Amino acid sequence: MAYRKLGRDNQHRRSMLATLTKQVINNESIQTTETRAKEVRKFVDKMITYGKKGDLVSRRKALAFLHNDKKTVDKIFNDLAKRYENRNGGYTQILKLTERRGDDALIVVLRLVEEAKKEEKKATKKTTKKETKEEK
């Protein structure tokens, strides 16, 4: 099976996934169960890929999936597409937190990967012993 049913019928599941996708894009992180996060991750990555393409067809597909939320689609196409222009997929990250008290469902944080931190790591280069000897 290509997707998880999440205990809901088709319309409710699609609506829930679209709403969670909007929340991840607008807030850049959400807390949810692990199974929902794994399913939403696919749609968030797809929306950002649409934003990176930047053509009219991609914008219309994103609008159709996100229930015509123009503010969210503008954020995808203007902000997130520029942020992840050099990244080939993997725009989200899942961090495990704890188990929910009522049903022991694993609660996780689904958030967008921060690209700025990786650029800082590339800028700071480690010096080797050989380079320090040459400087002296």
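**Strands, helices and the reasons for their labels**

Modeller: Strand β1 runs antiparallel to strand β3 (residues 106-112), and 5 bridges join the two. One of the bridge partners is R111 in β3, which goes with S29. T33 stands opposite I107 of β3. Keep in mind that the model is predicted.

Colleague: Why are β1 and β3 said to pair?

Modeller: Two strands pair if there are at least two bridges between them. β1 and β3 have 5 bridges, so the pair meets the cut-off.

Colleague: How do you know that β2 and β3 pair as well?

Modeller: By the same cut-off of at least two bridges. β2 and β3 are joined by 7 bridges and run antiparallel. K96 has V108 of β3 as its bridge partner. The hairpin of β2 and β3 has 6 residues between the strands, and there D104 takes a positive phi near 60°.

Colleague: What makes β1 and β2 the edge strands?

Modeller: The open sheet has 3 strands in the order β1-β3-β2, with antiparallel pairing. β1 (29-33) and β2 (92-99) each pair on one side only. From one strand to the next, the twist averages 25°.

Colleague: Which helices pack on the sheet?

Modeller: Helix α1 (residues 10-27) does, touching β1 and β3, and its direction makes about 145° with that of β1. α2 also packs on the sheet, where it touches β1, β2 and β3, and its direction makes about 15° with that of β3.

Colleague: Why is β3 called largely enclosed?

Modeller: Buried means under 20% relative accessible area. In β3, 5 of the 7 residues are buried, so the rest of the structure largely encloses this strand. For the chain, buried residues make up 35% of the 136 residues.

Colleague: Why does I25 count as buried?

Modeller: The cut-off is under 20%. I25 has 0% relative accessibility, so it counts as buried. This residue is found in helix α1.

Colleague: What is I25 in contact with, beyond its neighbours within four places in sequence?

Modeller: The contacts of I25 are M47, T72, K75, I76 and L80. I25 and K75 are 50 residues apart in sequence, yet 7.8 Å apart in space, C-alpha to C-alpha.

Colleague: How do the axes of α2 and α4 lie?

Modeller: The axes of helix α2 (residues 34-53) and helix α4 (residues 70-83) come within 8 Å and cross at roughly 90°. Angles from 65 to 115 degrees count as roughly perpendicular, so α2 is roughly perpendicular to α4. On the α2 side the contact is made by M47, I48, Y50, G51 and K52, and on the α4 side by I76, F77, L80 and A81. By class, this contact has 7 nonpolar, 1 polar and 1 charged residues.

Colleague: What pattern does the chain follow along the sequence?

Modeller: The chain has 6 helices and 3 strands, and the pattern reads α-β-α-α-α-β-β-α-α. Among contacts with a separation of 6 or more, 57% are between residues 24 or more positions apart.

Colleague: How much accessible surface does the chain have?

Modeller: The accessible surface comes to about 9500 Å², and 46% of that belongs to carbon and sulfur atoms.

Note on methods
Residues numbered from 1 in each chain as written. Predicted model: local features only at pLDDT ≥ 70, side-chain atom pairs only at ≥ 80, totals over all residues. Heavy atoms only, no water. Axes fitted to C-alpha atoms, helices over the stretch in contact; angles between N-to-C directions. Helix = DSSP H or I, 4+ residues; strand = E, 2+ residues; numbered from the N terminus. Parallel < 35°, antiparallel > 145°, perpendicular 65-115°, else oblique. Contact = heavy atoms within 4.5 Å. Nonpolar A, V, L, I, M, F, W, Y, C, P; charged D, E, K, R; others polar. Buried < 20%, exposed > 50% of the residue type's maximum accessible area, 1.4 Å probe, protein only. Areas by Shrake-Rupley, 256 points an atom, 1.4 Å probe, with all protein chains shown as cover.
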